[in-house]
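Dear colleague,

I am passing the structure below on to you, and after it you will find an account of what came out of it. Please read the two side by side.

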Amino acid sequence: MQPGCNIYQRARNIRGLTQERAAEALGISVRSLADYEAGVRFPPDKVATLMVDIYDSQLLAVQHLRQSAALAYGVIPDVPELCLSQAALNLIDTVYAFADNKLDRELINICRDGVISQEEQPRFDHIMEQLSEITSAAMALLCSHRDRRD
């Protein structure tokens, strides 16, 4: 993210909209938009949803969810802002690393009995971290494709 630029301002800038045009399209005042972009106020979900649509940015939807709800922050992984080709290569590389390390088979062995023992817990936690990286990479690809950044 650009220094001094928050997620709402960045998405608007990428779309090439001035604050005035964006505020008009959002049906809010320029002052309200400026406050959201300065971090003075947090936009309500209704306004953020309009921003996602008007700015054509799925990444903004993910970022807004992570910032607006503590529960979402703990569940939704951080999604890097990547162009389509970078996102695709990152996803493929992350999936191959998971398979090359045979973590899929290790996960099957750990979970087969429906119980994660104390001895298995550290490996299970590591596998879950790797799966979270795959999820983040997949979401980055989804967002970059929909945001048409290439």
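How are α1 and α5 oriented to each other, roughly parallel or roughly antiparallel? Before the answer, a note on the basis: this is a predicted model, in which local features need pLDDT of at least 70 and side-chain atom pairs count only at pLDDT 80 or more, while totals for chains, interfaces and linings use all residues. Residues are numbered from 1 along each chain as its sequence is written, and side-chain values use heavy atoms, with hydrogens and water left out.

**Helix packing**

Helix α1 (residues 7-15) and helix α5 (residues 58-68) pack at an angle of about 170°, with axes 10 Å apart, and they are therefore roughly antiparallel to each other. Here helices are DSSP runs of H or I of at least four residues, numbered from the N terminus, and axes are lines fitted to C-alpha atoms over the stretch in contact, with angles running from 0 to 180 degrees between N-to-C directions. Angles under 35 degrees count as roughly parallel, over 145 as roughly antiparallel, 65 to 115 as roughly perpendicular and the rest as oblique. In this contact (heavy atoms within 4.5 Å), I7, Y8 and A11 of α1 meet L60, Q63, H64 and Q67 of α5. These residues divide into 4 nonpolar, 3 polar and no charged, where Ala, Val, Leu, Ile, Met, Phe, Trp, Tyr, Cys and Pro count as nonpolar, Asp, Glu, Lys and Arg as charged, and the others, Gly among them, as polar.

For α3 and α4 the angle is about 90° and the axes are 13 Å apart, and these two helices are therefore roughly perpendicular to each other. Their contact is made by L33, Y36 and E37 of α3 with V47, M51 and Y55 of α4, and by class it has 5 nonpolar, no polar and 1 charged residues.

Leaving aside residues up to four places away in sequence, M51 touches Y8, L26, L33, Y36, D56 and L60.

In α3, the residues S32, L33, A34, D35, Y36 and E37 are buried, which here is under 20% relative accessible area, with exposed over 50% and partly exposed in between (1.4 Å probe, protein chains only). What covers these buried residues of α3 includes α1, α2 and α4.

**An aromatic pair and some backbone angles**

A search of the whole structure finds 1 aromatic pair. Y8 and F42 form this pair, which is edge-to-face, at 6.2 Å centre to centre and 85° between the planes; rings of Phe, Tyr and Trp (its six-membered ring) pair if their centres lie within 6.5 Å, and planes under 30 degrees apart count as stacked, over 60 as edge-to-face and the rest as tilted. Y8 counts as buried at 2% relative accessibility, whereas F42 is partly exposed at 41%.

D56, in the loop between α4 and α5, has a positive phi near 55° although it is not a glycine.
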